Structure formats: structure tokens, C-alpha cells
Amino acid sequence: MDNNQQNNNGPKMNMPRFNMNWIYFIAILSLGLLYFSSGGPTNSSVSLDASYSEFKTMVDKGYASKIVVNKVQNVLKMYVKPEHIRDVFHKGTGQTGKDPYVEVEFGSVDQVEEFVNQARDAKVFTGEFAYDNHRENEFIGTLIYTVLPFVLLIGVWMLFMRRMGGGGMMNGGVFNVGKSKAKMYEKGGELGITFKDVAGQAGAKQEIQEIVDFLKNPQKYTELGGKIPKGALLVGPPGTGKTLLAKAVAGEAGVPFFSMSGSDFVEMFVGVGASRVRDLFQQAKTKSPCIIFIDEIDAVGRARSKNPSMGGNDERENTLNALLTEMDGFGTNSGVIILAATNRADMLDSALLRAGRFDRQIHVDLPDLNERKEVFKVHLRPVKIDESVDVDFLARQTPGFSGADIANVCNEAALIAARHDSKTVKKQDFLDAVDRIIGGLEKKTKIMTEKEKQSIAIHEAGHATISWFTEHANPLVKVSIVPRGRALGAAWYLPEERVIQTKEAMLDEMCSLLGGRAAEELFIGTISTGAMNDLERTTQQAYGMIAYAGMSEKLPNISYYNHQEYQFQRPYSETTAKVMDDEVLKMINEQYERAKGILKEHADGHAKLAQLLMEREVIFADDVEKIFGKRPWVSRAEELIEAQQRADAERMAEERGRELEAKAKAEEKEAEKTETENQTEQGA
């Protein structure tokens with residue numbers, strides 16, 4: 001075996017990687033050790049300059065403990081006895097150090113020796129008399145004492161600026177603070193995302209497709225004199241796929257893509273945000289045609305204050321001004337298209353939203369039923385699902401869910417299945433995942449008394465009863481008295497995906513929310529804090545109907561909604577506020593009495609429902625239907641479900657018919673072929 005092979009097979013040592021920080025640390029540590037070991041510039045003890053005659057007087061008084069003579073520099077040091085330190089230096093021992101001395105210049109060594117001998121004979125000096133012929137070098141000590149603090153300060157500053165600037169002084173360091181932090185992708189394909197990866201959002205994709213077409217074939221539009229929009233603002237709730245849609249645009253267009261967040265412009269240094277904006281657009285112009293994507297633009301594009309005394313951060317406003325100028329200022333940005341995303345478009349500055357900057361606002365809304373099916377199909381690709389899983393059923397069970405919520409449902413279902421050691425993810429795992437996300441984690445260990453459990457069952461049965469007998473209330477899915485999160489019980493409904501809300505539907509929903517409190521008062525005789533969340537939602541909805549939607553008898557067709565950020569006064573008087581309060585109280589009390597009336601009418605069914613909840617803890621809409629009979633009203637959601645089921649059944653019947661027809665034709669051809677072969681054999 002050769003040496004090379006031995007080296008390759010031997011154990012490999014993980015050597016530390018070289019880093020300039022180690023050099024800085026070692027240098028500062030060495031200077032510090034040298035400084036502290038030297039004890040200061042020369043010595044830690046105090047010295048005092050004196051004349052030769054003063055020296056002789058102090059020796060005669062018996063102050064000297066030791067005398068050291070330096071023949072080279074003609075200087076002597078007289079060390080003072082501890083008990084006489086205050087007489088010579090007028091300071092205590094703690095201030096003068098351990099060995100304070102008096103430094104004296106003399107003319108002749110012989111005179112010093114003669115004086116010392118006389119002092120010894122007179123018994124006034126009994127200490128040591130020595131010679132020191134070395135020349136003291138105070139330069140190094142003085143240099144360390146004066147320069148070391150500045151070296152330490154500069155070293156700390158360099159390390160700090162290296163962290164702030166994203167690199168050392170060799171790489172620009174502090175000079176890179178004003179540079180853009182945008183990540184650039186030379187080709188959008190590097191992201192690996194196209195419109196095929198964006199499920200649903202057909203309207204948003206159709207609007208934004210023109211930008212992709214322009215970047216691919218700009219002459220198609222310029223020949224007719226048209227101009228592509230300079231910017232498009234993606235607006236929608238969180239988790240609906242705004243950032244994903246922007247990445248898909250870059251992937252489809254195949255042009256350079258600059259991506260950064262609105263918070264990347266914000267910095268502690270004054271003027272850095274505006275500098276980064278200018279640097280970003282300068283880089284983009286050199287790469288045009290290209291796309292600039294600013295995520296969460298509300299961090300920098302918030303409306304500027306109209307009141308200077310109550311204004312916000314001037315640095316943020318300067319950054320916004322720079323952004324406005326670069327987007328549509330005196331210069332031109334041909335070939336540079338700006339995409340931005342936010343879920344707070346109402347807070348953006350009006351100058352940013354005007355035509356010529358963000359020409360289009362593309363609304364990315366929550367997915368509807370069919371779009372949720374597509375989103376589920378995308379997120380179910382890597383999941384090993386069971387045959388019992390129906391995508392249509394899952395889409396109907398998740399109204400109001402965003403794309404991110406649906407992704408979370410699929411992930412939670414996989415985790416639940418793995419927790420149960422299942423090989424595939426089943427239908428019940430998805431239902432448990434939906435319950436987990438909506439209501440929170442099941443608290444099976446929570447201890448409740450039988451009386452508390454009965455109270456919760458009566459409360460939840462009240463919600464279910466009212467929703468079953470009100471026309472516009474959402475259809476019931478299931479009722480549970482198992483504690484989840486902070487809730488002791490819950491009722492799941494299938495909300496109708498309405499474009500607009502009518503007053504009757506909102507009143508029915510309010511009546512359903514008050515059904516729990518009404519059931520407590522009627523069938524228990526006392527009320528509890530279990531209805532706090534119901535009362536909060538009811539009050540908010542009532543104020544919204546009266547103050548914003550104009551659904552009041554005394555304040556009809558008036559909306560007091562004010563979206564101005566810096567408006568600190570209510571747009572109505574105290575008299576109007578009193579009228580609002582009275583109308584809200586009247587509306588809620590009317591629905592509360594209506595809820596009690598429905599419960600009194602169906603008291604027997606409510607009691608059976610509450611008892612069933614006590615026994616099984618979880619009941620479904622089929623169980624409620626067995627007690628109350630079929631629901632008197634068919635909701636729009638149920639109509640859509642039935643229509644969808646009929647369409648699916650017709651489609652399956654057509655497919656089955658085509659399969660049978662194709663099978664019959666195949667059998668007919670096979671029979672003809674067999675008959676022909678038989679005739680051929682007979683002829684032979």
C-alpha cells in the first residue's frame with residue numbers, strides 16, 4: 001500500500017477555517033497582556049522629583065528605605081519608608097502604590113557615596129545602597145499606555161462596521177451599507193416556479209400574464225402604440241400566494257429578477273434607505289428588461305403624515321420619496337417592471353398607487369371551492385393518501401382557508417397519521433387536522449365536573465338548534481364538547497361563500513351566536529362566562545351593521561367608516577354615538593329574545609340534543625337531522641353541493657356509458673376476428 005493511499009484512508013482532522021477575526025483577537029489580547037503586565041507606562045508606584053539638597057534633608061530625617069544610583073543617567077531613586085509616605089507625598093499608601101520613590105539628579109557619584117556613608121555612621125540610613133547602570137526605556141511603556149486605548153477602539157469599530165456592512169474593510173465594509181440587499185436571479189427559471197405551480201387564482205394569473213407576454217415579445221404591444229404597465233401591486237390576505245405568483249412571473253418571463261423585502265430599505269443610518277433604492281434601480285437598468293419584486297412594501301410605502309408635529313420617521317419618508325422618484329421621476333426606467341405585494345393596501349401612500357407607478361392592483365383573494373380543490377391537489381402530491389380521501393370533500397370542509405392554511409392542513413394530517421403509525425393518510429386524519437387548525441389541540445386530560453359538562457352541552461346544543469331553524473344561518477357540520485385550546489366546546493359550520501351579506505343573513509347569524517347564552521338562561525336558570533366570545537363577536541357585528549353598513553332604523557344609509565391613519569377624532573358627535581349605542585343594544589336584545597323563542601318552541605329536541613352530546617361528546621349534522629327532522633331551508637351552500645354532486649354523478653354516468661360502449665365495440669371486433677379465423681381454418 002503506497003503512502004497516498006494510507007493518507008487517504010487515515011483519519012481526517014477537521015482543521016479550523018482561517019478567519020481574520022482570529023488575527024484581530026490575538027493582536028488585541030497581546031497588547032492587553034503587555035499593557036497589564038507592564039503595570040502602566042513605567043511603574044505602578046508614584047514618583048516625585050526633588051533637588052539634591054531636599055534629598056539630603058529627607059535622608060537625614062530617616063525617610064529613606066533604599067537608595068538606587070544610576071551612574072549612566074546620573075539619577076538616583078530614594079525609596080520611602082511606608083510610615084513616612086504621607087510626610088513626603090502627602091497621600092496615603094493606597095494612592096501612592098507599593099514602592100513610591102523620590103527621583104533626584106546628582107553631579108558626582110563620589111559625593112553621593114560619601115553622603116550615604118555619613119548617614120550610615122549617623123544611624124539615619126540603614127537600608128540598601130545599590131547601583132543600576134541600565135538606561136530605562138520608557139518609550140514602549142508610554143506607547144502602550146497612550147496608543148492601546150485607540151487601538152482597542154478602532155478594532156471594536158472595525159468589527160462592528162464589518163457586521164453592519166456585511167463584510168470587512170477589504171470588501172467594502174461600511175461603504176457597502178448604502179448598497180442594495182436585493183437578491184438577483186439571472187434567469188427566472190432558477191427559482192423553478194411557473195404558473196403551473198400556482199393553483200387557482202385564474203383571474204390574477206390572467207391579469208399578470210400581459211406582463212410576461214410583454215417581456216417575451218414587447219414589439220407586439222409597442223407596434224400598436226401601447227405601453228406596458230410600469231408596476232403591478234398584488235393585494236390580498238396573508239397566505240393567498242402573492243409572493244408565489246411573483247416568483248411564477250419571473251419563472252415564466254425568463255428575465256433577471258430582483259427580489260427584496262420592504263424592510264431591507266430600513267436601516268439605523270440616516271440616508272441609507274434612499275441610497276439602497278437608487279442602487280437597486282441602477283442595477284436593474286443595467287439588466288433591463290427585468291423585474292423588481294418588493295415584498296411587504298407597506299414597510300416603506302406607508303402614507304406620509306400630513307401633520308408635521310405628528311409625523312412618522314423622516315428616514316422612512318425619505319426612502320419613500322426616493323422610491324417614488326425612481327419609479328416615475330424625471331428619468332426613465334424603460335424595461336424595468338416593478339411588482340410589489342402587501343396585505344395592507346389601505347395604508348399605502350396615494351402617490352405610490354397613482355397611474356404611472358403602480359398602474360394595476362391585482363387582487364389575490366381567498367380561493368373559492370374549485371380553487372381549493374386545485375390547491376389541495378398540489379399539496380397532496382407528496383402525501384401518501386388513502387383511497388378514502390376525497391378532494392371535493394376536503395375542499396368543502398375548508399371554507400375561508402387560504403393556500404397556506406391548506407398546505408398546513410395537509411402537513412398536519414400527515415403528522416397525525418405518522419403519530420398513529422399509519423402507512424397512509426386517511427380521511428379522518430384530514431378532518432382531525434382541520435379541527436386542530438380551527439379549534440386548537442384537543443385537551444383530553446382536562447378535568448370537568450358533570451355539572452360543567454352538562455352546562456357546556458346545553459350551551460352548544462343551543463347554538464345547533466338556532467342554526468338549524470334560522471333560514472340564513474350557516475349549515476351545521478358537527479358539535480363537540482371536547483375542550484380545544486381555550487374553548488370548552490365548539491360547533492363547526494359550513495359558511496356560505498357569499499359575495500355580499502344581507503341584513504337578514506347577518507341577523508340570523510347574530511341570533512345563532514346568542515343561542516348558547518339563551519339556552520343557559522332558559523334551561524339552567526343562570527348564565528356563565530362561556531358566552532364571552534359569542535357576545536364579543538355579536539357586539540362587533542352589531543356595531544359594524546349600524547356604524548359602517550347603515551343598517552339601522554334611526555341611522556339608515558349612513559357610514560361612519562374612516563380609513564385615514566392619522567385621524568384621531570371620531571367622524572360623528574356624542575349624540576350620534578349615543579344613538580349608535582342604543583341601536584346596538586336594541587338589535588342584540590331583539591335577537592336574544594328571538595333565540596329564546598325558538599328554543600322554547602323546540603325545547604324537547606334541544607334536551608335530546610344536549611343529552612346526546614353528554615353521551616357521545618361529538619355529534620354530526622345527521623344526528624341533529626334525526627332529532628329535528630330535515631332542515632326547513634336549504635342553504636345556498638347545500639344547493640351548490642347538491643348541484644356539484646348531480647354534475648359529478650352525470651359525468652360519471654357518461655364516462656361509464658362510454659366505457660361500456662367502448663367495451664361492447666371491442667367485444668364485437670374480437671368476435672368478428674374469431675369468426676374470420678374459424679372460416680379461414682375451415683377453408684384450409
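Helices (H or I, at least four residues) and strands (E, at least two) are taken here as DSSP runs, numbered from the N terminus. I note that the model is predicted, so local features need pLDDT of at least 70 and side-chain atom pairs pLDDT 80 or more, while totals for chains, interfaces and linings use all residues. Residues are numbered from 1 along each chain as its sequence is written, and side-chain values use heavy atoms, without hydrogens and water.

**Entry: a loop residue.** I looked up Lys123, which lies in the loop between H6 and S5. Lys123 is not a glycine, yet its phi is positive, about 65 degrees. I count Lys123 as exposed because its relative accessibility is 67%; exposed means over 50% relative accessible area, buried under 20%, and partly exposed in between (1.4 Å probe, protein chains only).

**Entry: the sheet.** I then followed S5 into an open sheet of five strands, ordered S1-S4-S3-S2-S5 with mixed pairing. Two strands pair if DSSP finds at least two bridges between them. S1 (47-50) and S5 (128-131) are the edge strands, each pairing on one side only. From one strand to the next the twist averages 20 degrees. Helix H6 (residues 109-121) packs on the sheet and touches S2 (64-70), S3 and S5. I read about 165 degrees between the directions of H6 and S5. S3 (residues 75-80) and S4 (residues 101-105) pair antiparallel over five bridges, and Tyr79 stands opposite Tyr101 in S4.

**Entry: the core.** Next I looked up the largest nonpolar core, which has 41 residues. Such a core is a set of buried Ala, Val, Leu, Ile, Met, Phe, Trp, Tyr and Cys residues joined through side-chain atoms within 4.5 Å. Among the residues touching the most other members are Met510, Leu609 and Val624. Elements giving two or more residues to this core include H22 (574-601), H23 (603-616) and H24 (621-628). H22 gives the most, eight residues.

Entry: Leaving aside neighbours within four places in sequence, I find Val624 in contact (heavy atoms within 4.5 Å) with Trp468, Leu476, Leu609, Ile619 and Gly629. H23 and H24 pack at about 145 degrees, with axes 10 Å apart; axes are lines fitted to C-alpha atoms, for helices over the stretch in contact, and angles run from 0 to 180 degrees between N-to-C directions. Residues meeting across this pair include Leu609 and Leu612 in H23, and Val624 and Ile627 in H24.

Entry: Asn557 lies in the loop between H21 and H22. Asn557 has a positive phi of about 60 degrees and is not a glycine. At 74% relative accessibility, I list Asn557 as exposed.
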